[in-house]
Each structure stands twice: as C-alpha cells, then as structure tokens.
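Here is a short report on selected side-chain features of one protein chain. Look over the sequence and the model before reading on.

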Amino acid sequence: MNHATTIPEVSPDAPPAPVSFWEAFVFWLKLGFISFGGPAGQISIMHQELVENRRWISERRFLHALNYCMVLPGPEAQQLATYIGWLMHRSWGGIVAGVLFVLPSLFILIALSWVYIAFGEMPLVAGLFYGIKPAVTAIVVQAAHRIGGRALKNKALWAIAAASFVAIFALDVPFPAIVAVAALIGYVGGRVAPDKFKAGGGHGKADKSFGRALIDDDTPTPEHARFRWTGLLRVAVIGALLWAIPMGLLTARYGWDHTLTQMGWFFTKAALLTFGGAYAVLPYVYQGAVGHYGWLTPTQMIDGLALGETTPGPLIMVVAFVGFIGGYVKAVFGPDSLFLAGAVAASLVTWLTFLPSFIFILAGGPLIETTHNDLKFTAPLTAITAAVVGVILNLALFFGYHVLWPKGFAGSFDWISALIALAAAIALFRYKRSVIQVIAACAVLGLLIKTLL
C-alpha cells in the first residue's frame with residue numbers, strides 16, 4: 001500500500017523549508033490513522049514520508065534514532081516517531097508525535113471492544129470471529145517464522161530459542177524470568193564468544209541519500225537535544241510522578257487488590273518487558289490477564305489480537321482490548337456503568353504501557369544525540385530475541401489448541417477451522433498476502449460458513 005503524499009518539488013541540493021509545529025502536528029495525526037502493518041510497515045511509512053518525500057531527516061540520522069529505539073523495551077515505531085518529533089520540535093513535539101501515533105488506535109479499539117463484548121453473541125459478529133480466530137493462529141506462526149529467520153543465525157541462538165520454548169511450555173516459567181536469563185546469557189556470550197552473538201539482520205548502514213534534509217548528517221545537534229544532567233533529572237522526576245499519581249489515587253480510592261489498581265501494576269511491568277515487539281510480551285499478558293487475574297478468556301484473547309492486527313497503531317495496543325474487557329466484565333463501576341468501566345480501564349492500561357516509552361526517549365535521546373556512538377547492547381538483545389522465538393511458538397500452539405479443540409481435547413476437532421488456518425498460512429507464506437487481507441478474507445469466509453451451516 002502506498003501512503004506517499006504529494007510533496008512540493010525541492011532541489012535535492014537545497015534543504016526543504018523549515019517545518020512549523022502545526023505542520024508536523026498534521027502529519028503525526030495522519031500517521032496515527034494510516035500506521036498499519038506492524039512495526040516493519042510503520043517504520044517503512046515513516047521512512048518513505050520523512051526521509052524520501054519530505055526530507056525532514058537524513059537516512060543516517062533516521063537509522064541512528066531507529067537503532068536506539070530497537071534496544072528499548074516498547075513499540076519501536078512509536079518511539080521512533082516520538083524521537084523525530086522531539087528532535088524537530090523539542091519535548092512537546094515528541095509528546096505530540098508519540099501520543100498521536102497511539103490515540104486513534106485507542107479510540108477505535110474502545111469502540112470495537114464494546115461492540116465485541118456487548119454484541120459478540122449476534123450471528124454476524126460470531127460468524128466473523130469464527131473465521132478470524134484460525135487466521136490469527138497462522139499469523140502468530142508466521143511471526144515466529146519471520147523473527148526466527150532473522151534472529152536464529154547459529155546453533156547457540158537455536159539452543160536459546162529451544163530452551164525458552166521448553167521453559168514456558170513445559171515448566172510454565174514466567175516470561176520476565178526467561179527474558180532475564182536470556183539477557184544474562186547474551187551478556188556473557190557476547191564477551192566469551194562475540195561471533196555467536198552478533199546482531200542478526202539489523203538495520204544496516206546508511207548508504208543512501210535523498211538530497212539535503214532539514215536534519216542532515218552534518219546538522220549540529222539542536223540546543224534542546226544536548227545532554228544535561230538537569231534535563232535527565234527533570235524527565236525522570238516528571239515521568240515518575242505521572243506513574244505514581246494515578247497509581248497512588250487508585251490505591252487510595254479502591255485499595256491495592258482492586259481490578260484497576262492491579263491492572264495498573266501489571267501493565268507497568270508488561271511495558272518494561274516488551275523486548276522484541278508485541279508478540280514477545282503477549283505470552284506474559286496471557287499468563288497474567290487470562291491465567292492469573294481472569295480478566296478475559298483464552299478465546300477473547302485471540303479475538304483481541306485479531307482486533308489489534310486490523311487497527312492502526314502498535315500491535316501492543318491489544319492491551320487496550322484486554323483492559324476494556326477486564327473492566328467491563330468485572331464491572332468495576334457497578335452494573336450500570338459497564339462501558340465507562342471498560343473505557344477507563346482501556347485508557348489506564350494504555351497510559352501505563354506507553355509512559356515508559358516517552359521517558360526513555362526524552363531522557364535518553366540527548367545522550368544518543370550527543371554521543372552518536374554505536375550501542376553496546378546488541379549481544380543481550382540478540383539472545384533475548386532468540387528466546388522470544390521460542391515464546392512466540394508456544395503462543396501459536398496455545399492459540400491453535402483453543403481454536404482447533406474449542407472444548408478441549410475431550411471435545412471434537414474443528415476441521416473447518418483447521419482448513420481456514422491452513423488457507424491463511426498458505427496465503428501468508430506462499431502468496432505473501434498482508435495480515436489485513438488475510439484477516440478480512442477469513443472473516444468473510446467464517447461468516448459464510450456460519451450462515452450456511
């Protein structure tokens with residue numbers, strides 16, 4: 001899909017005209033509505049618009065920012081938008097870019113979540129989701145294959161992936177423990193056998209130029225982007241308060257064991273564990289939201305992932321669906337305010353999931369801009385990514401089990417769902433269809449089958 005916008009022709013030898021805050025605001029708002037396709041698609045859209053078409057930032061500076069975002073926990077595409085917005089228009093520029101990347105998705109998911117939970121039993125909605133569930137299983141398998149193909153470059157990394165799969169599948173080891181052990185193995189392995197833990201793939205070197213950019217290779221770091229201890233302290237204190245105030249108010253008003261307070265604490269931890277993208281943290285969200293707290297069922301979790309895949313914004317926005325369903329089902333504001341309960345819970349978990357991303361960019365960005373040095377975290381990150389492959393494979397088996405044996409192994413095998421999953425896999429792997437195309441086709445197929453049978 002081509003999201004290119006018609007931009008006035010400017011000589012490649014001359015930088016474009018300065019961009020006002022409001023001109024940038026309009027672009028970030030548009031980006032929030034068109035950012036489909038997961039992180040790869042979102043980063044591609046930003047590269048096409050900001051580096052190639054508009055020339056707001058050079059290829060080298062774009063990749064430098066991206067490499068920093070890649071080593072942070074959290075959605076790298078949203079963090080990259082925040083970073084570029086901050087570089088161009090100070091802190092408020094970064095905040096606006098990051099918030100608008102997420103906000104359209106939040107509103108859309110709140111509306112879809114309400115339709116799902118309030119009207120999910122209707123034949124139309126039930127039929128659509130009957131076709132979508134097998135498609136999601138195939139999509140998760142594809143994610144494991146895609147990340148594995150990029151990350152598992154040698155036997156050591158294959159061994160880490162296999163060990164992480166056994167740990168979560170057979171031993172039920174918590175996801176944070178798997179991440180911690182993988183990072184430790186990567187740290188030690190990077191020193192003992194550095195060749196085994198070189199970053200696989202990556203984003204390469206900046207060897208292209210699309211003409212002079214506003215923020216070019218040799219553009220001096222703007223004054224606001226220079227590292228200062230006072231700036232770092234200010235961001236850290238404000239960030240801590242933005243977390244502590246809502247958590248403190250929830251604890252004081254409802255108590256520590258209340259659903260909203262526990263959601264706040266749980267998704268704070270989840271936000272700090274999203275190394276390797278949303279698929280990596282989904283098993284942790286499942287362990288907590290489904291297994292421990294019972295905010296939603298396994299089937300609802302699969303449906304939520306489908307909604308997350310078909311809306312713009314980061315895939316980790318599936319947490320908004322989890323929050324909405326949990327707040328709605330638990331009726332945290334009483335039986336007469338179910339929609340309000342869901343909307344507040346969705347907004348709360350979105351706030352606490354993305355807050356660390358803003359802190360990392362606004363606090364760490366000046367250090368990255370000042371040093372322009374290569375990052376030294378690649379070995380632990382490589383090991384974590386390898387472990388994530390095993391975790392995602394476990395997630396695919398979990399989804400497959402609940403889709404193909406909806407009533408457990410004691411019940412009957414759903415061969416129609418199996419055929420839909422197979423068709424979705426062929427479309428993804430053989431014909432390279434996009435996720436949205438596959439989900440749309442399977443949804444229509446599910447509706448037809450439920451209507452005819």
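## Nonpolar surface patch

Phe 413, Trp 415, Leu 419, Leu 422, Ile 426 and Tyr 431 make a nonpolar surface patch of about 650 Å². Tyr 431 sits in the loop between helix 15 (415–429) and helix 16 (435–452). The model is predicted.

## Salt bridges

Side chains of opposite charge can pair when their charged atoms come close. The count here is six salt bridges.

One of them joins Glu 49 to Lys 30, with the closest N and O atoms 3.1 Å apart. This pair links distant parts of the chain: Glu 49 belongs to helix 2 (residues 38–53) and Lys 30 to helix 1 (residues 21–34), 19 residues apart. Glu 49 counts as buried because its relative accessibility is 1%. Lys 30 is partly exposed, at 26% relative accessible area. Arg 54 joins Lys 30 and Glu 49 in a network of salt bridges.

Arg 212 and Asp 216 also meet through their side chains, at 2.9 Å from N to O. Arg 212 is partly exposed, with a relative accessible area of 34%. Asp 216 is buried, at 7%.

Arg 226 forms a salt bridge with Glu 223; their closest N and O atoms are 3.5 Å apart. Arg 226 is partly exposed, at 39% relative accessible area.

His 224 lies in the loop between helix 7 (175–192) and helix 8 (229–254). Is His 224 buried or exposed? Its relative accessibility is 19%, so His 224 counts as buried; the cut-off is under 20%.

Not counting residues up to four places away in sequence, His 224 touches Trp 86, Leu 87 and Arg 90. A polar atom of the His 224 side chain lies 3.4 Å from the backbone oxygen of Leu 87.

Methods: Residues numbered from 1 in each chain as written. Predicted model: local features only at pLDDT ≥ 70, side-chain atom pairs only at ≥ 80, totals over all residues. Heavy atoms only, no water. Helix = DSSP H or I, 4+ residues; strand = E, 2+ residues; numbered from the N terminus. Buried < 20%, exposed > 50% of the residue type's maximum accessible area, 1.4 Å probe, protein only. Polar contact = N/O pair within 3.5 Å; in protein donor to acceptor, adjacent residues only side chain to side chain. Contact = heavy atoms within 4.5 Å. Patch = residues over 30% accessible without salt bridge, like charges linked within 9 Å, V, L, I, M, F, W, Y side chains within 5 Å. Areas by Shrake-Rupley, 256 points an atom, 1.4 Å probe, with all protein chains shown as cover. Salt bridge = Lys/Arg side-chain N within 4 Å of Asp/Glu carboxyl O.
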